Every structure is written in C-alpha cells, then in structure tokens.
Amino acid sequence: VVVGWPWHQTQQRGIGRAEPLVNARITDVRRLYSVGEAEAVRTIIEKYDIEYLMVGQLERLYYPAEGLAVFDEMAELERNTVNPQVAIYRVREPEMTIG
C-alpha cells in the first residue's frame, strides 16, 4: 500500500514528522491515477515497488478516465477483471535477457 490511513501514519510516526511523507505519497497516488502518461506511471510503480493496481468505482469517481486508460495501454500491466466495475492490474516482472 502506497498510502495507508493518514491519521494512523501520523500517530505512528509522530505529528510533524509524518505529514510531509504522507502528503508526498498522496500526491504520487493522485499522479499515478491521473497523469495518463506511461513513463510517469512506471516511475511511481518503481518508486514504491507496486505489484498491483486497482481501478474500481472509487478510482473512477476521483480520477479522470484518460488517466485510468493508460493502464490498459501498458504492456507491463496485466489486467484481471473482477467484475464490470473492478479491474486489478498486476505488474509483470521484467523479462530477463540471457546473453
């Protein structure tokens, strides 16, 4: 999970110390789902070592369709449809080259 419950993170890490980290993570999640640019999405996936992305009703309410559409265009993401409203994308392991 890139961002947990912000108040819990603040309680665990201390008021004043946690906010910058939590806010940076919230900004990255918003960018991940909004930017619509594969390279920016890859950077965030790598930064947090993300293995799965979920797009459900909540994400469709908060983020633009063009931001979410990029996930279907990225070869390194494997889409698994749970139901018509929910898709889970698994980040594929990079292929190893032998040479």
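Student: Let's start with tyrosine 62: in which helix does it lie?
Tutor: Happy to begin there, and please keep in mind that this is a predicted model. Tyrosine 62 lies in helix α4.

Student: Is tyrosine 62 buried or exposed?
Tutor: The cut-off to know is that a residue counts as exposed when its relative accessible area is over 50%. Tyrosine 62 has a relative accessible area of 62%. By that rule, because of this value, tyrosine 62 is exposed.

Student: Which residues make the nonpolar surface patch?
Tutor: Tyrosine 62 takes part in a patch of about 410 Å². Its members are Leu58, Leu61 and Tyr62.

Student: Where is glutamate 59, and which residues does helix α4 span?
Tutor: Glutamate 59 has its place in helix α4, where tyrosine 62 also lies. That helix spans residues 57-62.

Student: How far is glutamate 59 from the nearest side chain of opposite charge?
Tutor: Glutamate 59 is buried and yet has no salt bridge. A salt bridge needs a nitrogen and an oxygen within 4 Å. For glutamate 59, the nearest side chain of opposite charge belongs to arginine 60, at a distance of 7.1 Å.

Student: Which residues does glutamate 59 touch, not counting those up to four places away in sequence?
Tutor: Here we leave out the residues up to four places away along the chain. What glutamate 59 then touches is Tyr33, Met54 and Leu68.

Student: Moving on to helix α3, which of its residues are buried?
Tutor: Helix α3 covers residues 38-48. Buried here means under 20% relative accessible area. In α3 the buried residues are Ala40, Val41, Ile44, Ile45 and Tyr48.

Student: Within what arc do those buried residues of α3 fall?
Tutor: Look down the axis of α3 and the buried residues gather so that they line one face of the helix. The arc within which they fall is 140°.

Student: Which exposed residues are on the face of α3 turned away from its buried side?
Tutor: On its buried side, α3 packs against α2, β1, α5, β2 and β3. The face turned away from that side carries exposed residues. These are Glu39, Glu46 and Lys47.

Student: What is the phi of aspartate 49?
Tutor: Aspartate 49 follows α3 in the chain. Its phi is positive, near 50°.

Student: And how far apart in space are valine 35 and tyrosine 63?
Tutor: Valine 35 lies in the loop between α2 and α3. In sequence, valine 35 and tyrosine 63 are 28 residues apart. In space, C-alpha to C-alpha, the distance between them is 9.3 Å.

Student: What is the relative accessibility of valine 35?
Tutor: Apart from neighbours within four places in sequence, valine 35 is in contact with Ala40 and Val41. Valine 35 still counts as partly exposed, because its relative accessibility is 21%.

Student: How many salt bridges are there?
Tutor: The count rests on a side-chain nitrogen of Lys or Arg lying within 4 Å of a carboxyl oxygen of Asp or Glu. By this rule the count is six.

Student: What separates arginine 42 and glutamate 39 in helix α3?
Tutor: Arginine 42 and glutamate 39 form a salt bridge, with their closest N and O atoms 3.1 Å apart. Glutamate 39 is exposed at 53% relative accessibility, while arginine 42 is partly exposed at 27%. The two are three residues apart in helix α3, so their separation is about one helical turn.

Student: Which residues are linked with Glu39 and Arg42 in a network of salt bridges?
Tutor: Glu39 and Arg42 belong to a network of salt bridges.

Student: Which strands hold arginine 90 and glutamate 78?
Tutor: The side chains of arginine 90 and glutamate 78 meet in a salt bridge of 2.6 Å, N to O. The pair links distant parts of the chain, 12 residues apart. Arginine 90 is in strand β3 and glutamate 78 is in strand β2.

Student: How far apart are the closest N and O atoms of glutamate 78 and arginine 92?
Tutor: Glutamate 78 forms a salt bridge with arginine 92 too. For this pair, the closest N and O atoms are apart by 3.9 Å.

Student: To finish, which residues of α5 are buried?
Tutor: The face of α5 turned away from its buried side carries the exposed residues Ala65, Glu66 and Glu73. The cover over the buried residues includes α2, α3, β1, α4, β2 and β3. Those buried residues are Gly67, Leu68, Val70 and Phe71.

Methods
Residues numbered from 1 in each chain as written. Predicted model: local features only at pLDDT ≥ 70, side-chain atom pairs only at ≥ 80, totals over all residues. Heavy atoms only, no water. Helix = DSSP H or I, 4+ residues; strand = E, 2+ residues; numbered from the N terminus. Buried < 20%, exposed > 50% of the residue type's maximum accessible area, 1.4 Å probe, protein only. Lys, Arg positive; Asp, Glu negative; His and termini not counted. Contact = heavy atoms within 4.5 Å. Patch = residues over 30% accessible without salt bridge, like charges linked within 9 Å, V, L, I, M, F, W, Y side chains within 5 Å. Areas by Shrake-Rupley, 256 points an atom, 1.4 Å probe, with all protein chains shown as cover. Arc of directions from axis to C-beta.
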